[in-house]
Amino acid sequence: MRVFLTGATGFIGSCLVPELIGAGHQVVGLSRSDTGAETLARAGAEVFRGDVNDLDRLRTAAETADGVIHAAFNHDFSNPKQAGEDDRKVIETLGEVLAGRPLIVTSGTGLVRSKTDGPVVETDGHPPSSELPRAATEEAAEALMAKGRRVMLMRLPQVHDTRRQGRITQHIMLARQKGRAAYVGEGQNRLPAVHVTDAVRLYRLALETGQAGARYHAVDEEGVALCDIAEAIGAGLKVPVESIAPEAAADYFGALANLATLDLAASSALTRQELSWEPTGPDLLTDLRNMDYGVT
């Protein structure tokens, strides 16, 4: 299969390229820089030069693809509404071009709201983008599903290895800056997680055998407590670990303060059953304990 990949030089994308090529697929990776293009070429991918927000270039790349994985997103916390609406336009454009060919859209389990007191599941929905701007991604995908397009949502938790850990990378930076690793209250609120090798394998399985309209959760661990995460970070940085009161969260966490007290546990039971996916990579705390904290 000829697969066009946005975000091909990012954390997920750079691991997706060899996963797809190793399974016999031809990868066309989007890159806007010479450095990214060289990296993709060395990995064996065909390079397509352009920016993800250049919609005409996206159309050109998608027209010759047998399927598309959209893994790019501008994580600009200063203007989340603009980032969400830009992603909506990208997804709309790709969906128009692909028609009956598969399109996998990357979302996050943190966007989903549980209908129960338990972890969020694949059938749970999200608030409107007017309340949560990042939900524009799911709204765009759902609009294409309603038109009969072959679209799937890949909801990611904290994707990690010993180099990067999604949002937790920000927790490490804060602990380094402030000289202590903190969590709020008892720190029993949780984050779901998956090793990057398991996440990219799930993307491949969804591309090859996934069902149109499906929502997949790339979740290995349903929830890792924030207090345990802070302990691992504190040990790695050799800084103290402390509980802080909710009213002190804004001072310590800044832009992450609203997330610092949320329990975001997520299940992947339906995903595992449908795609016969079983994670095998290291867990989050193992990677946090084994990473090199001397590298900034």
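**A histidine and a helix**

Reply: The side chains of His126 and Glu142 are joined by a polar contact of 3.1 Å. A polar contact is a pair of N or O atoms within 3.5 Å; within protein, one must be able to donate a hydrogen and the other to accept it, and residues adjacent in sequence count only if both atoms are side-chain atoms. The model is predicted: local features need pLDDT of at least 70, side-chain atom pairs count only at pLDDT 80 or more, and totals for chains, interfaces and linings use all residues. Residues are numbered from 1 along each chain as its sequence is written, and side-chain values use heavy atoms, leaving out hydrogens and water.

His126 lies in the loop between strand E5 (103–108) and helix H5 (136–146); helices (H or I, at least four residues) and strands (E, at least two) are DSSP runs numbered from the N terminus. With a relative accessible area of 18%, His126 is buried (under 20%; exposed is over 50%, partly exposed in between, 1.4 Å probe, protein chains only). Leaving aside residues up to four places away in sequence, His126 touches Leu111, Ala135, Glu138, Glu139 and Glu142, where contact means heavy atoms within 4.5 Å.

Helix H8 (residues 226–237) has 12 residues. Its buried residues include Leu226, Ile229, Ile233 and Leu237. Among the elements covering them are helix H6 (168–178), strand E11 (221–225) and helix H11 (284–290). After H8 comes Lys238, with a positive phi near 60 degrees.

Technical notes
The expected span of a helix is 1.5 Å times one less than its number of residues.
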